[in-house]
Amino acid sequence: MDIKVNILRYNPDTDRKGHWEEYILEADPDERILDLLHKVKWFDDGSLAFRRSCAHGVCGSDAMVVNGENMLACQVLVKEVSTPIKIEPIRGLPVIKDLVVNMDSFFDSYKKVMPYLVNDDEPGERERLQSPEDRDRFEDTTKCILCAACTTSCPVFWTADTYVGPAAIVNAHRFVFDSRDNASKQRLEILKDVDGAFRCRTAFNCTSACPRGIQVTKAIEDVKRETLTIN
Amino acid sequence: MKVIKHSFDGVIVGAGGAGLRAAIEAAPHMKLAVITKLYPTRSHTGAAQGGMSAALANVEEDNWNWHSFDTVKGSDYLADQPAVDILCKEAIDSVVELEHWGLPFSRLENGKIAQRRFGGHTVKEGEAPAFRACYAADRTGHMILQTLYQKCVSMGVTFFDEFQVLDIKIDDGVCKGVIAYEIATGDIHIFEARAVTFATGGFGKIYKVSSNAHSLTGDGPGILYQKGIPLEDMEFYQFHPTGIYRLGILLSEAARGEGGILRNKDGERFMERYAPSIKDLAPRDMVSRAIATEISEGNGAGPNNDFVYLDLTHLGAETIKQKLPDITDFVRTYVKIEPINEPIPVQPTAHYAMGGIPTDVNARVLSDATGTVLPGVYSAGESACVSVHGANRLGTNSLLDIVVFGKRAGQSMVDYVSSTKPMALSDNAAEDLTSKIENLMEKDHSLEFSVPRIREELQDTMEENAKIFRSEDSLEKQTKILSDLRDRYQNVTISDKGKVFNTELLEAIELEYLLDMSDTTVASALHRKESRGAHSRVDHVERDDKNWLKHSFAFKNGDSVKLEYKDVELGNYEPKERKY
Ligand SMILES: Cc1cc2nc3c(=O)[nH]c(=O)nc-3n(C[C@H](O)[C@H](O)[C@H](O)COP(=O)(O)OP(=O)(O)OC[C@H]3O[C@@H](n4cnc5c(N)ncnc54)[C@H](O)[C@@H]3O)c2cc1C
Ligand code: SF4
Ligand code: FES
C-alpha cells in the first residue's frame with residue numbers, strides 16, 4: 001500500500017529553520033517506522049539524517065516523535081500508527097540535522113547522579129551475595145537504554161533544561177535500591193537539589209514514553225520518598 | 001576539510017564490551033582515548049541476551065576443564081586449545097569481577113549468581129547439559145555493557161563519541177595512530193597513538209537476514225585488511241538457529257536452555273533425530289543445518305515451507321515472564337503473536353563471525369601465518385580471531401571472550417606503552433583519507449552506483465550462495481558476483497554533499513569493508529575442501545583432519561585474495577568425531 005509520511009527536515013548548511021517534507025512510500029503494514037526512514041534515505045534522499053543501530057528496540061538510538069508521541073522508530077509498526085505519519089526529532093534538545101539531536105546535556109545529567117556502583121568494602125574472592133528479593137527491588141530500572149524518550153517528553157524539562165530529567169533519576173534509582181551500593185546518601189543529596197527529583201510534577205508522560213516499559217514516574221516517586229529519609 | 005590533531009599514548013577503537021573492558025585496564029596507566037562511532041551504550045553487546053559461561057558451580061558440580069572440553073569439541077577441534085584453556089579458566093574471575101563492579105546478575109535463592117543451560121555446554125565431557133551460563137534474565141549483554149560503561153564513567157575515561165575511525169597509520173611496520181571522522185561536523189581528527197586496539201565487533205551485515213545491528217560492518221578487520229594484514233578463519237560464519245522469521249531478530253538459545261523445543265510443520269521434535277542425546281541443545285552449527293535440512297526436505301512450515309517453530313508454550317507464563325521477558329516481547333512487538341500460547345516461526349539468522357583479525361592470546365595482532373607480531377596493534381572481541389571459537393562458537397562464549405581478551409588487550413597496551421616512546425604523525429597524515437572523501441563527494445550521483453543498490457545485491461547474493469550449505473559451484477558463482485560488485489563499487493556515488501551527519505558518506509565507506517569481508521569469506525570457503533563446524537560443503541561433506549586441521553589466513557592481493565595456512569594448536573583433546 002502507499003502511505004504518506006511527513007518528516008520535519010532541517011539541514012544546518014542550508015536551512016534557517018525546520019520544514020516539513022512529504023514522502024509517498026510503498027509500505028507493508030508489518031514494516032517498522034525505521035524501515036520507512038530507510039526507504040527515504042536509501043531510495044529517495046540520501047541526506048536524511050537519523051540515528052539507528054540495532055533495529056529492534058535495545059540500543060536506544062532512534063527515539064523520535066511519531067504522530068506527537070515519543071517512541072523508538074524501530075519498535076513501532078506501520079499498522080500501529082495512523083496516516084499520514086508525522087515524524088519529528090525529540091523535543092528539548094538542540095537539533096543537529098533532521099531527526100538527530102545533540103545529546104551532550106542528556107548524558108551530562110546522567111553522569112551527575114553517580115551512575116555506578118560504589119562499594120569500597122573488600123568483596124572477597126567470589127561474588128557478593130544478593131537475595132532474589134533484593135535483586136528485584138531495582139530490576140525495573142536496570143532496563144534503561146538511555147534513549148532519552150522519557151526526558152524529552154517531560155514538560156518540566158522543556159521549560160527548564162537544567163532539570164536532570166527522568167532518565168537520570170531512573171539511573172540513580174538503579175543504584176539507590178541496590179543492596180550492594182554504599183553511596184545512596186550522596187546520590188540523594190544530589191537529587192534533593194533544585195534541579196533534582198522534586199522538579200517532577202508527575203505528568204506521567206515519561207512512563208508512557210518509555211520503550212522498555214519502565215515505571216519511570218514510580219521510580220521518581222521512590223527516589224523522592226527515599227530523599228526524605230536522609231537528613 | 002578541517003583537520004584537528006590529538007596526541008595520546010593509546011587509542012581504543014570501539015566501545016562495546018571488548019573495547020570498554022580494555023579501557024578499564026589501560027586508562028589508569030596512560031593517556032588513553034576511546035573512539036566510537038556509536039554512543040558506547042548503543043554498541044551491539046547490549047543486544048546479547050542469554051548469558052556468559054563460567055564454571056562457577058553454583059547449581060551443580062562443574063569445573064573449567066569441562067568448559068574447555070565443550071568449547072574445543074564445539075569448535076569442531078579448530079580452536080587453539082591453549083587459548084581455550086585461558087578463556088575457560090579466566091572466566092570465573094571475570095564473572096566475579098563484573099559482579100563486584102555492580103552487574104545485576106539474576107540470583108539463586110542462596111544469593112549466588114544464577115546459572116542456566118545453553119547449547120553444547122555439558123558436565124563430565126558430554127554426559128548431560130550443564131548449568132554454566134551466568135545471566136541477567138535475557139538481557140545479559142545489556143547489563144555487561146551498562147556495567148562496563150558505568151565503571152568507565154566512574155574512572156573518568158576519555159571518550160570520543162560518534163567519531164568513526166577510517167584509517168590506521170603504520171610506518172615501517174610500526175603503529176603511529178589512527179584517523180577519525182567526526183560525524184556531527186565532518187571534521188577529520190588525527191590521533192597520534194603508539195598503541196591501538198580494534199574492538200569494532202562483527203560484520204553480520206554481509207548477509208540479508210541477520211541478528212546484527214546496521215552498524216556491524218567489519219570496520220576494524222576492513223581497515224587492517226586494506227593495509228595488508230590477513231584475516232583468519234573467515235569461512236567460519238555462524239548462523240544462529242532461531243532468528244525471527246524474515247526479520248532475523250534473535251531469540252536466544254536461552255529459550256531452549258529453559259526447555260523450549262524446535263518443531264517442524266508436523267509438530268515433530270526433529271532434533272531427536274539429529275542429536276539424540278542433547279537434542280535441541282546441540283551446538284548451533286548442527287541445529288542450523290538440521291533446520292536447513294528440514295526445510296529443504298519439505299518439512300518446513302508456512303505456505304512456502306520455509307520456517308520451523310520454536311515452541312515455548314509448555315514453559316508456563318511465569319518462567320517466560322521471569323526468564324525470557326525481552327525475547328518474548330520481541331515476538332509480541334514484531335510478529336504480534338503470544339509466545340505463551342503459540343509457537344514462534346523461526347529460521348537461521350546470520351549471527352557471529354568466528355573469523356577476524358588474527359591475534360595471539362595477548363590480543364597482539366599477527367601480520368602473517370607464522371605468528372609475526374605487528375607492534376602496537378591489538379584486537380579483541382568479535383573483530384578478533386584468537387582463536388577460541390574455532391569453526392563454531394558455543395553460545396555464551398563470546399560475552400566471555402570480550403571481557404577475557406578485552407582485559408588482555410588493555411594489559412598489552414600498558415606493557416607496550418611503558419616500554420616505548422611517543423611516535424609523531426605529520427600534519428598531513430590524513431591526506432590519503434581526505435582525498436578519498438573528496439573524491440566521493442565530487443562525483444555526480446547516479447542510482448546505479450548508489451550504496452543501497454550495491455549493498456542489497458551483496459546481501460542477497462551472499463545469502464543465496466555462501467550461507468549454511470556451500471559448494472564449489474555456489475562459491476565460484478559468488479566470486480564472480482563479488483568481482484562485478486567490486487567494479488561497480490569503484491564508481492560508487494552519494495547524493496549528500498554536506499558536512500553535518502553525512503551518514504550516506506559513512507555507509508559508502510562501510511560498504512567497502514562489507515565487500516572485503518565477503519571476498520575473504522568466499523575465498524576461504526572455496527579453498528577449504530572439507531566440512532567443519534559452521535562451514536558445510538555439500539561437495540566435501542566429511543571433516544578432513546589430515547589436510548585441514550589448519551587456520552586460514554586471507555591476504556589482500558590486488559583485487560583478489562591470497563590464502564596461507566597455520567596449524568591448529570592442539571592440547572589435551574585429540575580430534576574425535578563430533579556426536580551429541
Ligand atoms: C542478538 C545477539 C545476541 C547475543 N547473545 C549472546 C549471548 O547471550 N552470549 C554470548 O556470549 N554472546 C552473545 N552474542 C554475541 C556477542 O554479543 C557479541 O559477539 C559481542 O557482544 C561483541 O562485542 P564487541 O565488543 O566485540 O563488539 P560490539 O559490542 O559490537 O561493539 C563494537 C563497537 O565498535 C564501534 N565501532 C565499530 N566500527 C567503528 C569505527 N570504524 N570507528 C569507531 N568505532 C567503531 C561501535 O561503535 C561499537 O562501540 C549475541 C549477539 C547478538 C547479535
Ligand atoms: S527510562 Fe525508558 S525512556 Fe527513559 S531513557 Fe531509559 S529506556 Fe529511555
Ligand atoms: S535502532 Fe536500536 S533502539 Fe531502535
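Tutor: Start with the salt bridge: a side-chain nitrogen of Lys or Arg within 4 Å of a carboxyl oxygen of Asp or Glu. One caution comes before we apply it. This is a predicted model, so local features need pLDDT of at least 70, side-chain atom pairs count only at pLDDT 80 or more, and totals for chains, interfaces and linings use all residues. Residues are numbered from 1 along each chain as its sequence is written, chains are lettered from A in the order in which they are written, and side-chain values use heavy atoms, without hydrogens and water.

Student: What makes Asp496(B) and Lys97(A) a salt bridge?

Tutor: Their closest N and O atoms are 2.9 Å apart. The limit is 4 Å, so the pair qualifies. Between chain B and chain A the count is 7 salt bridges.

Student: How many residue pairs are in polar contact across the interface of chain B and chain A?

Tutor: The rule finds 32, both residues of each pair being at pLDDT 80 or more. A polar contact is a pair of N or O atoms within 3.5 Å; within protein, one must be able to donate a hydrogen and the other to accept it, and residues adjacent in sequence count only if both atoms are side-chain atoms.

Student: What area is buried between domain 1 and domain 2 of chain B?

Tutor: About 450 Å², of which carbon and sulfur atoms give 67%. Domain 1 spans 241-350 and domain 2 spans 431-548. Those bounds come from an automatic or database domain assignment. Each domain of chain B gives 6 residues to the contact. In domain 1, Asp285(B), Arg289(B) and Pro348(B) lose the most area to domain 2, together 70% of what that side buries. Across this interface the rule finds 0 salt bridges and 2 residue pairs in polar contact. Helix H8 (residues 284-296) of chain B gives the most to the domain 1 side, with 5 residues.

Student: Which backbone atoms does the side chain of Thr349(B) reach?

Tutor: The backbone nitrogen of Ser211(B) is at 3.1 Å. The backbone oxygen of Gly248(B) is 3.0 Å from a polar atom of the side chain. Beyond neighbours within four places in sequence, the residues in contact with Thr349(B) include Val209(B), Phe239(B) and Leu250(B).

Student: What backbone angles deserve a look?

Tutor: Most residues other than glycine have a negative phi, and most peptide bonds are trans. Phi of Met114(A) is near 55°, a positive value. Met114(A) sits in the loop between helix H2 (104-112) and helix H3 (132-136) of chain A. At a relative accessible area of 12%, Met114(A) is buried. Leu146(A) also has phi near 55°. At 1% relative accessibility, Leu146(A) counts as buried.

Student: Where are the cis peptide bonds joining Thr83(A) to Pro84(A) and Val386(B) to Ser387(B)?

Tutor: Pro84(A) is in the loop between strand E4 (69-72) and strand E5 (85-88) of chain A, and omega of the Thr83(A)-Pro84(A) bond is about -5°. Ser387(B) lies in the loop between strand E20 (384-385) and helix H11 (397-418) of chain B. For the Val386(B)-Ser387(B) bond, omega is about 5°.

Notes:
Contact means heavy atoms within 4.5 Å. Buried area is the accessible area (1.4 Å probe) that two parts lose on being put together, summed over both. Helices (H or I, at least four residues) and strands (E, at least two) are DSSP runs, numbered from the N terminus. Buried means under 20% relative accessible area, exposed over 50%, partly exposed in between (1.4 Å probe, protein chains only).
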